[in-house]
Amino acid sequence: MTDSPYPDLDWDVTRSRARRTKRWSVYGPDVLDLTVAEMDLPVAEPIMDAVRDAVERQAMGYPVPPARSGLPEVAAKWLTTVHGLATEPDGVGLLPELMRGITNSLRLFTPPGSPVVVPTPTYRSFFGAIELADREAIEAPMATGPDGYRLDLDRIDAALAAGARCVLLCHPANPVGRVFRPDELAALARVVARHGARVISDEIHAPLRYQEEFTPYAALSEETRAHTVTLFSASKAWNIPGLRAGFIALTNPDDRTRWAALPGAATGGISPLGMVGSAAAFEHGGPWLERAMGYLTANRELLARLFTEAGLDEVYRPSEATYLAWLDLRRLGLDDPSRPLLAAGVATTPGPDHGAGGAGFVRLNYATQPEVLTDAAARIARVLSS
Ligand SMILES: Cc1ncc(COP(=O)(O)O)c(C=O)c1O
């Protein structure tokens, strides 16, 4: 696109197809695939340089031991100065991916067999991670009102009273896009503390927000630092999930000791390419991310305009974070509206996959070319008006 203010980021979808990753390789050429959370944007140059260098060095062996890699230092610095959660390098654990952090944390920090409270709609892989830890999920659907979604503290309280020992928070929330305010998080913290429970806060989407303000849950107080583990990664914001790297911030010193004693089979698997790619993102990825957020802001405005122009205002409310649109298609009267959309050539993630409260909705990834979005919105509008 020639009139884009971000010509360097405007990446033709044919180039995304040529990447041969999950995005664009599930459906045929007639389907606009707006499911998996990968972006149709070029990877930031500092990351490309670091990975190219690692490939040239044939860094394809086992990873450097974390304490000798320098990566915990880089990650802790980013977490402290950019993300807003003060952490020392020895409070950062390395992982190949974040779901491993969730299963490990449930096993390690909550009593065997105790259920887990999950505010929903949420990231669908949470349910598999909970199952893998031999735990039961108790869904606590978020309340909705004129201001959008908010945590339903009564439901969370009831689940903890019924024996759950952990809240699995997605903050910012995938798929609804909420960045929970400090007062909301403090109210949650009071409920959690009353029950002596724990919080796992997945904050992977935090860099992808449309507002300055963000408070990591653990950063609220000494009490939340002690009862929380925080998951973070460069994989989502810098579009490098295939490099296999993720991080856990252990802000409770006892948790660090127990985490350090885990077998390598539980925590190992970070890749040497993921290590250098993540370090480059944290150290040098800021300018790229700022421009990417400009690009995504334009896309989100475009999407809102397209639905408004089609007389479908209620379908889309721009969110506070993520590049995921949570589309309200309840007017179709279907639990899973993704099926007629797919028949019309737009692949979206079914709302019910995200837990209670997802019926009638779909999740759409708008980190793609404006032309693709325009086409997709027109196809969706046709389904809604047929
Ligand atoms: C909330 C959330 N957590 C974790 C992940 C997985 O991240 P990774 O593949 O880097 O482990 C995703 C991916 O979309 C996500 O949305």
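What volume does the largest pocket have? Working in a predicted model, I find a volume of about 710 Å³ for the largest pocket.

Entry on the largest pocket. I listed the 31 residues that line the largest pocket, and the closest to its centre are Val 36, Ala 37, Tyr 123, Ser 125 and Lys 236. Sorting the lining of this largest pocket by class, I get 14 nonpolar, eight polar and nine charged residues. I also looked for secondary-structure elements in the lining of the largest pocket, and I note that α5 (98-109) and β13 (349-350) each supply at least two residues.

Entry on the second largest pocket. Here I find a volume of about 510 Å³. I listed 29 lining residues for the second largest pocket, and Gly 148, Tyr 149, Arg 317, Trp 326 and Phe 361 are the closest to its centre. By class, I count 15 nonpolar, seven polar and seven charged residues in the lining of the second largest pocket. I find that β5 (143-145), β6 (148-150) and β11 (324-328) each supply at least two residues of this lining, and that the largest share, four residues, comes from β11. Why do I place the second largest pocket between the domains? Domain 1 and domain 2 both give residues to the lining of the second largest pocket, so it lies between them.

Entry on the domains. I then turned to the division itself, which is into domain 1 (13-43 + 286-385) and domain 2 (49-284), so that domain 1 is written as two stretches of chain. Taken over C-alpha atoms, the centres of domain 1 and domain 2 are separated by 25 Å. For the contact between them I noted 33 residues from domain 1 and 35 residues from domain 2.

Entry on the sheet that holds β11. I followed β11 into an open sheet of three strands, whose order is β11-β14-β13 with antiparallel pairing. Because β11 and β13 each have a single partner strand, I record both as standing at the edges, with one side of each left without a neighbour in the sheet. Between β11 and strand β14 (residues 361-365), which run antiparallel, I find five bridges. Which residue of β14 stands opposite Asp 328? I read off Phe 361, which I had already noted among the residues closest to the centre of the second largest pocket.

Entry on the parallel pair. I find five bridges between strand β3 (residues 116-120) and strand β4 (residues 137-141), and these two strands run parallel. The chain passes from β3 through helix α6 (residues 125-132) to β4, and I note this β-α-β crossover as right-handed.

Entry on backbone geometry. I looked for cis peptide bonds and noted one that joins Thr 120 and Pro 121, with omega of about -5°; Pro 121 lies in the loop between β3 and α6. I noted another cis peptide bond that joins His 171 and Pro 172, where omega is about 0°, and I find Pro 172 in the loop between β7 (166-170) and α8 (182-194). What is phi of Gln 58 near? For Gln 58 I find phi near 55°, a positive value in a residue other than glycine, and I place Gln 58 in the loop between α2 (45-56) and α3 (66-69).

Conventions: Residues numbered from 1 in each chain as written. Predicted model: local features only at pLDDT ≥ 70, side-chain atom pairs only at ≥ 80, totals over all residues. Heavy atoms only, no water. Pairing = 2+ DSSP bridges. Right-handed = clockwise from strand over helix to strand, strands pointing away. 1 Å grid on protein atoms, 1.4 Å probe; cavity = no way out; pocket = protein on both sides within 12 Å on 5 of 7 lines; lining within 4 Å. Points joined across faces, edges and corners; volume = space filled by probe spheres on them. Nonpolar A, V, L, I, M, F, W, Y, C, P; charged D, E, K, R; others polar. Contact = heavy atoms within 4.5 Å.
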